[in-house]
Amino acid sequence: MERKKFLIVTAGGMGTRMGGSVPKQFLELDGKPILRLTIERFLHAEPDLQVITVLPQAHVSTWRQYCIKADFTIPQRLVKGGFTRFHSVQNALAFVPDGALVAVHDGVRPLLSIGRIRELFTRAQGVPALIPVMPVTDTLKVLEKKADGSLSATGEPMDRSRIFGAQTPQIFYSELLKQAYGQGFDTLFTDDASVAERYGIPLTFTEGERLNIKITTPEDLVLAKAIMEMPDQGRA
């Protein structure tokens with residue numbers, strides 16, 4: 001039997017790296033808030049998704065008022081974010097039943113193609129944890145910071161062919177991810193895959209998309225606008 005699908009959209013941060021007074025998830029791209037574009041993209045791909053949106057506590061009412069004013073009436077449960085991303089996802093998982101698929105996706109990744117979203121959910125039905133990744137293309141250096149703030153090479157070699165960057169959505173069997181999030185917090189938990197791996201859940205990796213960028217800086221926003229203007233950016 002196919003598992004029901006849940007989407008946790010993590011938008012609980014304040015976006016300090018963007019440098020403005022408005023959290024990055026509420027900045028507009030193509031005339032709409034980034035967060036709305038992200039949610040719409042997923043619902044276009046999977047109309048039966050049940051959406052849980054995690055927001056900064058101070059902006060829950062802001063988002064609710066926007067949705068009413070803009071007639072963005074898709075069903076969604078709004079959840080207050082926690083102290084860290086780990087705690088935000090933990091809060092959201094309280095509303096996800098066992099026996100489902102739960103995808104956790106960054107609210108500021110609005111450019112993943114509709115076709116890829118569908119492919120990820122289809123494949124995730126058969127594995128306990130599915131993580132999209134992309135190979136790192138830059139040459140990597142292991143550096144250490146000196147007391148004066150300067151950087152120096154350690155001489156430690158890095159094999160670029162073995163290094164991949166993890167993307168979202170990361171999709172899990174809900175009962176397993178909920179168990180994994182019962183662990184105590186660790187600063188090494190930088191994404192859901194790291195939480196699941198620590199708990200012993202086997203991870204399956206699959207190819208992500210180069211244009212599935214996370215918008216965290218003003219430069220990212222410029223790049224996202226350029227991607228949106230590309231001829232094929234219905235992102236089918």
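## The second largest pocket

Fourteen residues, given as 14 in the count, line the second largest pocket, and those nearest its centre are M134, G165, A166, Q167 and R210. A pocket here is an open set of points on a 1 Å grid over the protein atoms alone, where a 1.4 Å probe fits and protein lies on both sides within 12 Å along at least five of seven lines, and lining residues have an atom within 4 Å of a point. The model is predicted, so local features need pLDDT of at least 70 and side-chain atom pairs pLDDT 80 or more, while totals for chains, interfaces and linings use all residues. Residues are numbered from 1 along each chain as its sequence is written, and side-chain values use heavy atoms, without hydrogens and water.

The volume of this second largest pocket is about 320 Å³, counted as the space filled by probe spheres set on grid points that are joined across faces, edges and corners. Both β7 (129-135) and β10 (164-166) give at least two residues each to its lining; such strands are DSSP runs (E, at least two residues), numbered from the N terminus.

## A cis peptide bond

Between T168 and P169 the peptide bond is cis, with omega about 15°. P169 sits in the loop between β10 and β11 (170-173).

## Two residues with positive phi

D30, in the loop between β2 (28-29) and β3 (32-33), is not a glycine, yet its phi is positive, near 55°.

How values were computed
Helix = DSSP H or I, 4+ residues; strand = E, 2+ residues; numbered from the N terminus.
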